[in-house]
Amino acid sequence: MAKNLTEVPVNYVGNIQSLVGEELLISRLQELGFIKGESIKLTGRTPFGEPLLVEVRGTVIALRKREALCIQL
């Protein structure tokens, strides 16, 4: 069963299985390095749940919840 990035605990490490959602949003995520098979780590989240801090390709990126919902693990 696929999970999206918002459903995993902090310090979770996994690989991206797919990206789902609006084409423009997926394109933006791919430009940032979020591509199928890439290893990612959820490094933190703020008290209100967004943004989420995600490490991909050695860089920590802050994502909004709607962006994180596109990333299937």
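**Contacts, fold and core**

A: Start with contacts, meaning heavy atoms within 4.5 Å: among those in the chain between residues at least 6 apart in sequence, 60% join residues at least 24 apart. Mind that this is a predicted model, where local features need pLDDT of at least 70, side-chain atom pairs count only at pLDDT 80 or more, and totals for chains, interfaces and linings use all residues. Residues are numbered from 1 along each chain as its sequence is written, and side-chain values use heavy atoms, leaving out hydrogens and water.

Q: OK, how many helices and strands are in the chain?
A: The chain has 2 helices and 6 strands, as DSSP runs numbered from the N terminus (helices are H or I, at least four residues; strands are E, at least two). From the N terminus on, the order is β-β-α-β-β-β-α-β.

Q: And how many residues has the largest nonpolar core?
A: That core has 19 residues, and Leu5, Phe34, Ile40, Val54, Leu63 and Ile71 have the most contacts inside it. Helix H1 (23-31) and strands E3 (39-45), E4 (52-56) and E5 (59-63) each supply at least two of its residues. A nonpolar core is a set of buried Ala, Val, Leu, Ile, Met, Phe, Trp, Tyr and Cys residues joined through side-chain atoms within 4.5 Å; buried means under 20% relative accessible area, exposed over 50%, partly exposed in between (1.4 Å probe, protein chains only).

Q: What does Phe34 touch?
A: Not counting residues up to four places away in sequence, Phe34 touches Ile16, Leu19, Leu29, Ile40, Val54, Val56, Ile61, Leu63 and Ile71.

Q: Switching topic, how much of the chain is buried?
A: 37% of its 73 residues count as buried.
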